[in-house]
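Subject: A structure for you to look at

Hello! Here is the structure I promised to pass on, and below it you will find my notes. Please open it next to this email and follow along.

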Amino acid sequence: MNYSYPIDETWSKQEIIDVVNFFSMVEKAYEAGVNKDDLLLSYTRFKQIVPSKSEEKQLCGKFEKESGYSCYRTVKKAKEVDQPKVRM
């Protein structure tokens, strides 16, 4: 991993941890697979911190540009699959 997660310096320490956790879950979905419920729970928390759709697109776009991993496609797949594990 030679990239950094996009964060906002105005977030609290816990908010930064929760956002990084969400990006980490997306990363794990691509690399090994993650539990669907854990991923969706981390996304729900991410949306509490980043309620704006435009800010979400901006942050996830930066993350995808840096890592090559898509938050949108990962969450979309998690919502669609019937299996307990999501693997991209």
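Leaving aside its neighbours within four places in sequence, C60 is in contact (heavy atoms within 4.5 Å) with F22, F23, F46 and C71. C60 belongs to helix 3, where helices (H or I, at least four residues) and strands (E, at least two) are DSSP runs, numbered from the N terminus. With a relative accessible area of 9%, C60 is buried; buried means under 20% relative accessible area, exposed over 50%, and partly exposed in between (1.4 Å probe, protein chains only). E80 is 20 residues from C60 along the chain, and their C-alpha atoms are separated by 20 Å.

Before you go further, please note that this is a predicted model, in which local features need pLDDT of at least 70 and side-chain atom pairs count only at pLDDT 80 or more, while totals for chains, interfaces and linings use all residues. Residues are numbered from 1 along each chain as its sequence is written, and side-chain values use heavy atoms, with hydrogens and water left out.

Now for the helix that holds C60. Helix 3 has 15 residues (53-67) and should span 21 Å at 1.5 Å a residue, which agrees with the 20 Å between its end C-alpha atoms; the expected span is 1.5 Å times one less than the number of residues. Which residues of helix 3 are buried? They are E56, L59, C60, F63 and S67. They cover an arc of only 95 degrees around the axis, which puts them on the same side of helix 3; the arc is that of the directions from the helix axis to the C-beta atoms. An α-helix has 3.6 residues a turn, so residues three or four places apart point the same way. The face turned away from the buried side of helix 3 carries the exposed residues S54, K57 and K65. Helix 1 (13-31), helix 2 (36-49) and helix 4 (71-80) are what the buried residues of helix 3 pack against. After helix 3 comes G68, whose phi is positive, near 85 degrees.

Rings of Phe, Tyr and Trp (its six-membered ring) pair if their centres lie within 6.5 Å; planes under 30 degrees apart count as stacked, over 60 as edge-to-face and the rest as tilted. The count comes to 9 aromatic pairs. In one of them, the ring centres of F22 and F46 are 4.6 Å apart and the planes are at 25 degrees, so the pair is stacked. This pair links distant parts of the chain, as F22 is in helix 1 and F46 in helix 2, 24 residues apart. F22 is buried, at a relative accessible area of 0%, and F46 is buried with a value of 0%. One aromatic cluster is formed by Y5, F22, F23, Y43, F46 and F63.

Finally, have a look at helix 4. C71, T74, V75 and A78 are buried there. Seen down the axis of helix 4, these buried residues fall within an arc of 95 degrees, so they line one face of the helix. Y72 and E80 are exposed on the other side of helix 4. The cover over the buried residues of helix 4 includes helix 1, helix 2, helix 3 and strand 2 (85-86).

Happy exploring!
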